[in-house]
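Thanks for coming. I will go through one structure this morning, chain by chain.

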Amino acid sequence: MANMYEPLIWVSPPGSAQQFEPALAEKWEVSEDALNWTFHLRKGVKFHDGGSLTAQAVKESFERTMNLKKGASFILSPIKAIHAVDEYTVRFELKSAAPFDRIAASAYAAWIISPASVGQPGEWFDGGQDAGSGPYMIESYKPDEEIIFKKFDAYWKGWDGDHFDRIVVKIVKEATVQEQMLDAGTADLGNRVPIESSRTFNEKECCERLSGPSFMNYAIHLNTAIPPFDNKALRQAVSYAIDYEAMLDIGLGGLGRVGVGPVPFGQFGHDENLHQYKQDPAKAKELMAQAGFKDGIKEPVIFTYAAENAVEKAIAPLLKENLAEIGINVEIRPMIWSAQWDMVKSGPEKAQHMAALLWWPTFSDPYETLYSLWHVEEKPAWNFAYYKNPEFDKLITKAYATPEAAAAQALYSKAQQILVADAPSVFLFDVERPVYKRKELQGIVINPAYPRVAFWYGMHK
Amino acid sequence: MIRGTIHSLNPDKSEANKLMPTQPTTTPVLAINDLRTWFHTADGLAKAVDGVSYHVNSGETLGVVGESGCGKSVTALSILRLIPTPPGEIVSGEIRLNGQDILALPLNSMRRIRGNRVSMIFQEPMTSLNPVFTIGYQLAKIFTLHRGATRKEARQQSLAILEACEIPSPARILKAYPHQLSGGMRQRVMIAMAIGCNPDVLLADEPTTALDVTIQAQILDLLLKLQQRMGMALVLITHDLGVVANFARRVVVMYAGKKVEEAPVDTLFRSPGHPYTRALLQSVPVLGRNEKFLKEIKGMVPPPFQEIKGCRYARRCSEAEDACRRVDPPLKTIAPGHLVACLKR
Amino acid sequence: MALFIIKRIGWLAFVLLGLCVITFTLSRVVPGDPAAVYLGSRAKPEQLEAVRLKLGLDKPVPLQFAFYLRDLLHGDLGSSLRTHRPVLKGIRDHLPASLELMFVAITIAVLIGVPLGVIAAKRENTVSDHLSRLFAVACTSLPSFWLAMLFQIVFFRWLGLFPIGGRLDTVVGLTNPIEHLTGFYLFDSLATGNWTALRDSAWHLCLPAVTLASYSTGLIARMTRSTMIEVLREDYITTARAVGVSEKEILFLQGLRNALGPTMTTAGLCFAFMLTGTFFIELIFFWPGLGTYITNAILLNDYPVIMGVTLLMALFYVSVNLVVDILIALVDPRVRLK
Amino acid sequence: MPSAIGHNKPQGRYRDFWQAIRRLLHNPITCLGLAIVALLLVAVIFAPWVAPYPEQGLGKSNLKERLAPPSSRHILGTDNLGRDIFSRIIYGSRISFQAAVMVVTIVVAIGVPLGLLAGYFGGWIDDLIMRFADMILAFPSLLLAIAIVAFLGPNLINALIAISLPWWPWYTRLVRSQVMSVKEMQFIESARAIGASQKRIMFRHILPNCVAPIIVQATLDMGYIILAIASLGFLGLGTQPPTADWGVMVSEGREYFLKQWWISTFSGAAIFLTVLSFNLVGDGVREALDPKIRWRFQKK
């Protein structure tokens, strides 16, 4: 997607001077109250279908996404109105203060599409059509096999210098196969190789591994609404029982770091000074006794994970073993993702006791993560833990409305301290998202804000 | 058990016999000498044929009789070397066709003899033709195989031979599949296939057993007519003594894999030498004779894998003595051309 | 004959209806919210509600089923929840890859299985019969997913003789693209004279096709053997031998023709079963066929796809059965006249 | 669907049981199969003594020796969690055997009574049962099983149910045809004549005559059932970790199989050998007892 479409602005990769960088908007400003955001558009940008970028196009494109009510369009919910000030200026008026720059840079719902295609129903785009302004467009599409992209001749950045004319994306789910293709040189770039190969990938002559933080993290959520995990001491015992290092090693091949709090390393809002649980069976047993489970829990505790997730599958037996050591009997139940989610949503009584979840933010603000996962909900969608703490809720809401970064950070830290102490979830590890490439492939930029994207325009051999 | 009807036990009155060539050549066209065909089964060794000898002269009809399981069919199959191996095996003996031992021939040469110089007719016309090929295909096969005929020639010859076998509208038959024909018609087709290449020897293994009585006579008449015309030797294998009496010139009686008696047909019927032959004759109903004299042979043919000491018939024989159960009786010539294997002769 | 066919087609419709009921019921009681699949993993409750309304999921299940049947009769299998593409189009995209694999596999199975069975029948209870029996039973006992992986280890990793999977090499696909006529790569590249692509796609077919063929090879060999043993005991075989027909012709023409009925039934059913058998093989050789299509659907509970493909598979299975029965009637004159 | 395959003609000639056994043992390949089955039974019964690391066989991790290649310490190597593969294969055999026996039990429990009813009463009962059975046989059984597991949730018991449900019609057919042929026999007629009750005729006279073909069929099926369980396990729909299951082990090894080939290779080989040996025995039994019971489809 990120090669066919562009947003108004991009989130810069870590280490950049600026937090954001321009894309379709050349520059932008925000009003004092953070309610009005004005973007000045780049001139002379063409869409693949021949249309031109105008303020009207931006307005329509956002409105379309909001009306579609699909996927991640909810992140646009703070928008009150969109004004096309002049041909190349667009102003967003918000209902409440929100970091709209982060929203506008989202990889999910902030793409700008050509006005000529705005009227098309969503299904039209599913058929392999596109109407973006990005550097590449689809040439051919074979479902479950491959997609071939070709360059968009009228791309606004131009095609001087080293770029690829065509990009072939092979749909290969098998990690082993990806590795073989890289080894053989039939692929230049891959996103997954077997965990064991990943460890030693840089020893290869032909290939190398690039990695950086991704803002993705794994957690196990405990159902706090029903016994036994309505007991705080027991939840803490669980957090003390887990062998985090081993799980990181088995699950990710060591590519990542053990989680410190709910917000991943590198993302705004992360606090390195939060209390970090470490495996400590003695302490865990003590807490067990304190919680009134001196003899352990014989009645099996149900743990679900998404069956299609290889990492969760790999660590599941370890979890069972870790908890068995402190006397908790776990029944492992892999479920297809939608079924697991359904079970979570079926109400506290029917929900599983523990559920593994891979989380990534749709836009790079901690509020979304903290709100979605732990803010009290009438009918939980993402609050897997059925967590309920008004103080926590108040803190994050306040932080979200605080445009000033340091102050917001302080509020987020406080909220996270509460969360860690309550231990409704076990923060396993933050994912380092590696890409695997042939050595001759150059120009890859890894951007944790766009964890599943490779930017082809900059690449060359 | 032996069933069947003999029209008359007096061979002189047989019309068919009068039709036979008056002067058959005396050199045997086919001679079997001390043939042993054994089967290695899961239940043990079965000596289905154990030292059988007989011969047949050109133009002559030899009858081979015996209860089912006595080895007569196996002998015939051995002649064509059609014994399935394993489990069957021709252990020893020789089979001479015009003096040449065909047991020693390589399989390829043997194939050229089958259907060409020696051919065979089977008991079951219903199952002896391949159901998924037309009569024309199967019949033409013998001409393409042995005469090197083209398809067209083979068709011509097939038509001719069908006509010779008195089959009506042969062209239609050629296109038919076996299941579309009646049993008698199929047997005629079988005969046509067997004599198509003018064989020296025709082995007819119970050719009429499965047919209606009226058809039986027709088929046998046809066989004899053809034999006469072509001058081939005919080995008529049957358990029907009536048929033998009417059609054969000499008779071989087999019991449990051995030849027990051989005699010209009138001698055999007039003065049978072996108790088994006598029993056989007594078990056959004869027109005009009172049915209450009909006798049945007591007991069963011993299972072939049972090793027997002495005479194989001894346990069913009313005249058996101790010696019979100890010594295997050798064949003795009791009159010219009359051989019997019985200690009491 | 006509009555026979009509009866069978009626039966076919009945089976399909039953299948519809069962799969539809299953798809509705299986946990997992179709709307969530439709929207992807980050959906808000109000969006889910909207989609439920749109997909008609708010209606009672029998009514939903009636709608589904109505669409089905109009040739509409619905749209995938995951990709939002019509299921019929998805099937059209994926079917040729599977069929191509199956055709090659069944050809291999027949070419190996039948002679093996014939020879084993001819040499009943000899060493070669025992060995061929061991081989055939082994073929039927191989877990296809394991065999596929073994092949990849041996022929790709160790020997480097065959590609690890896929239908066509990426480079070949770019330099010698196959014109889309039927979707069968072998046929399309042959028809357009694209020899490079023909060679490459044939090369890619080898391992998956042999894997897919293994079960059928064993089964066909066993079936052929037992039928041939019966046939070879028939009188007409003795007749054929007695007139001097050569052993080769007896086995492979006169005998085999009679054994063809059961052998063909077996081969036909093997072919029908292959459509589900491709499941694992496509997964491991990342073959973009129907198996891949439905595997992805099952992982997400994409029920329109699951239902569509299941229906297709059953339809295929039942119609292959029908075709086989008709073919047998054509080959065997005895059946024809009944 | 009605077809040549799967129609099992009853023979009713099992008098010479010992002779059949002798014929069975006469075939060297069948003996080979029997020998492997015997070995496996030893593994099943004496697993804790046969396996070098019983606790790892039961699932305990051993992170210090992860992915070790075959060596004298671990003759078949270790898996992702350092567990001894040989031990896990041994323990996996328990699961497979138990599962196979359970499936046969379920299948017989459903299929045989229905077959008895259909065969004995005939008429509309027969029609109803057999049409239904035919319909189930027309479905792709693996798909049906997968759908059922997806509905019931993936665990071993549900997998067994899912395998059994599309399977019982084979037994219904078998028993039905057996009953149909036995029903007309003399002794049933006489039993009826002396006024035996329907129930008595069915269970005392007809059922015993169906036992032999059921046993033959069950032997033939054991291999396929083990294969089906392994297949579901491979898809993650059967036994759940950390219980050792052969199919699950193969799929766990798939992540590593091109390099750490021993995980998938050996556990797959265990499936293959087991299925092979059962199929060899089944094939031998079929040949020895009743050549008419043909090979038929049970697709993995």
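I will start with how the chains touch, and then take some parts of each chain in turn.

One thing to say at the outset is that this is a predicted model.

Let me begin with the contacts between chains. There are 5 pairs of chains that touch, and the pair with the most contacts is C and D. Chain A and chain B, on the other hand, have no contact joining them. The closest C-alpha atoms of chains A and B lie 48 Å apart.

Now to the contact of chains C and D. How many residues does each chain put into the contact? Chain C gives 44 residues and chain D gives 42 residues. On the side of chain C that touches chain D, the elements that give two or more residues are α1 (2-29), α6 (127-141), α7 (144-158), α10 (195-232), α12 (247-284) and α14 (303-331) of chain C. Of these, α12(C) supplies the largest share, with 9 residues. If you sort the residues of this side of chain C by type, you get 26 nonpolar, 15 polar and 3 charged.

While we are on chain C, here is the chain as a whole. It has 15 helices and 0 strands. Its C-alpha trace spans about 85 × 55 × 40 Å along the principal axes. Chain C has 338 residues, and 54% of them count as buried. Take the contacts in chain C with a separation of 6 or more: residues 24 or more positions apart account for 71% of those.

Next is chain D, where I will look at one pair of helices. Two packed helices are described by the angle between their axes and the distance between the axes. The helices here are α9 (residues 168-183) and α11 (residues 198-234) of chain D, and their axes come within 9 Å and cross at roughly 140 degrees. Because of that angle, α9(D) is oblique to α11(D). The crossing of α9(D) and α11(D) is right-handed. Which residues of α9(D) and α11(D) make the contact? From α9(D) they are Trp170(D), Tyr171(D), Leu174(D), Val175(D), Gln178(D), Val179(D), Val182(D) and Lys183(D). From α11(D) they are Ile206(D), Asn209(D), Cys210(D), Pro213(D), Ile214(D) and Gln217(D). By type, the residues of this contact between α9(D) and α11(D) are 10 nonpolar, 3 polar and 1 charged. For the spacing along such lists, recall the general rule: an α-helix has 3.6 residues a turn, so residues three or four places apart point the same way.

Chain B comes next. It has 12 helices and 12 strands. There are 345 residues in chain B, and 49% count as buried. Among the contacts in chain B between residues at least 6 apart in sequence, 67% join residues at least 24 apart.

Chain B has an open sheet of 8 strands with mixed pairing, and the strand order is β6-β7-β8-β3-β9-β10-β12-β11. At the edges are β6 (118-121) and β11 (332-335) of chain B, each pairing on one side only. From one strand to the next, the twist averages 25 degrees. Within chain B, strand β3 (residues 61-65) and strand β9 (residues 250-255) run parallel and are joined by 4 bridges. Opposite Leu62(B) stands Arg250(B) in β9(B).

Is α7(A) mostly covered or mostly uncovered? It is mostly covered, with 8 of its 10 residues buried. Among the buried residues are Leu234(A), Val238(A) and Tyr240(A). The buried residues of α7(A) pack against β11 (207-222), α9 (281-290), α10 (310-325) and β16 (425-438) of chain A.

Key: Residues are numbered from 1 along each chain as its sequence is written. Chains are lettered from A and ligands numbered from 1 in the order in which they are written. This is a predicted model: local features need pLDDT of at least 70, side-chain atom pairs count only at pLDDT 80 or more; totals for chains, interfaces and linings use all residues. Two residues are in contact if their C-beta atoms, placed from the backbone, lie within 7 Å. Two strands pair if DSSP finds at least two bridges between them. Axes are lines fitted to C-alpha atoms, for helices over the stretch in contact, and angles run from 0 to 180 degrees between N-to-C directions. A residue is buried if 20 or more other C-beta atoms lie within 10 Å of its own, exposed if 12 or fewer, and partly exposed in between; C-beta atoms are placed from the backbone. Angles under 35 degrees count as roughly parallel, over 145 as roughly antiparallel, 65 to 115 as roughly perpendicular and the rest as oblique. A crossing is left-handed if the near helix is turned anticlockwise from the far one by less than a right angle, and right-handed if clockwise. Ala, Val, Leu, Ile, Met, Phe, Trp, Tyr, Cys and Pro count as nonpolar, Asp, Glu, Lys and Arg as charged, and the others, Gly among them, as polar.
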